[in-house]
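Please look over the sequence and the structure shown below before reading on. The report that comes after them is written for a reader who is new to protein models.

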Amino acid sequence: MDLISCGLPWRFYVELWRKRNWPVVHLTMYGVPVDDVVGGLRETGKPVLVAVGAEKVPTELYELANYNVSVTNQPHSEVSALAIFLDRLYSGQELYYSLYENPRLKVEPSSREKRVIRLGSGK
């Protein structure tokens with residue numbers, strides 16, 4: 001999984017994705033239902049750029065996105081929309097992914113306490 005950081009205008013990232021023929025998804029309350037598009041996105045195997053706006057989103061983003069996707073047409077937070085979308089896209093498996101190749105620590109699930117296990121050098 002690759003992460004990008006902000007710092008450049010949003011149009012830069014959208015244009016980069018579109019040039020590579022990678023899907024651009026805009027999360028909005030006014031889009032098509034998430035379940036109607038995630039299967040197709042998953043099957044492409046391509047990286048997906050997910051745009052989540054706050055307040056007034058420029059009309060240009062609606063036009064440039066390959067998909068305008070809704071997790072619900074009821075008011076909700078941008079963070080919850082992103083979480084729901086990613087959960088559907090990864091079929092719940094994102095809970096088991098690690099962002100690190102060789103982590104030094106692991107948090108073991110527990111209903112009562114915080115359990116941190118030391119794994120190794122984490123080179």
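Predicted model: local features only at pLDDT ≥ 70, side-chain atom pairs only at ≥ 80, totals over all residues.

Three strands make up an open sheet, in which the order is E2-E1-E3 and the pairing is parallel. Strand E2, covering residues 49–52, and strand E3, covering residues 67–70, are the edge strands, since each of them pairs on one side only. From one strand to the next, the twist averages 50°. In general, the strands of a sheet pair through backbone hydrogen bonds, and they can do so in either a parallel or an antiparallel manner. Strand E1, which spans residues 24–33, is joined to E2 by four bridges, and these two strands run parallel. Within this pair, His 26 is the residue that stands opposite Ala 51 of E2.

**Residues in the loops**

Asn 21, with a phi near 60°, is found in the loop between helix H1 (residues 10–19) and strand E1. Ser 91, with a phi of about 55°, belongs to the loop between H4 and E4. Leu 99 also lies between helix H4, which covers residues 78–89, and strand E4, which covers residues 105–108. Although Leu 99 and Tyr 13 are 86 residues apart along the chain, a separation of 22 Å is found between their C-alpha atoms.

**The nonpolar patch**

On the surface, Leu 105, Val 107 and Val 116 form a nonpolar patch, and together they have about 260 Å² of accessible area. Val 116 is part of strand E5, which runs over residues 115–118.

**Exposure**

Which residues count as exposed, and which as partly exposed? The table lists the relative accessible area for residues named above.

| Residue | Relative accessible area | Class |
|---|---|---|
| Asn 21 | 55% | exposed |
| Ser 91 | 47% | partly exposed |
| Leu 99 | 54% | exposed |
| Val 116 | 42% | partly exposed |

A residue counts as exposed when its relative accessible area is over 50%, and as buried when that area is under 20%, with partly exposed in between. Asn 21 is therefore classed as exposed, because its value is 55%, and Leu 99 is likewise exposed because its value is 54%. Ser 91, by contrast, is partly exposed because its relative accessible area is 47%, and Val 116 is partly exposed because its relative accessible area is 42%.

Methods. Residues numbered from 1 in each chain as written. Heavy atoms only, no water. Patch = residues over 30% accessible without salt bridge, like charges linked within 9 Å, V, L, I, M, F, W, Y side chains within 5 Å. Areas by Shrake-Rupley, 256 points an atom, 1.4 Å probe, with all protein chains shown as cover. Salt bridge = Lys/Arg side-chain N within 4 Å of Asp/Glu carboxyl O. Buried < 20%, exposed > 50% of the residue type's maximum accessible area, 1.4 Å probe, protein only. Pairing = 2+ DSSP bridges. Axes fitted to C-alpha atoms, helices over the stretch in contact; angles between N-to-C directions.
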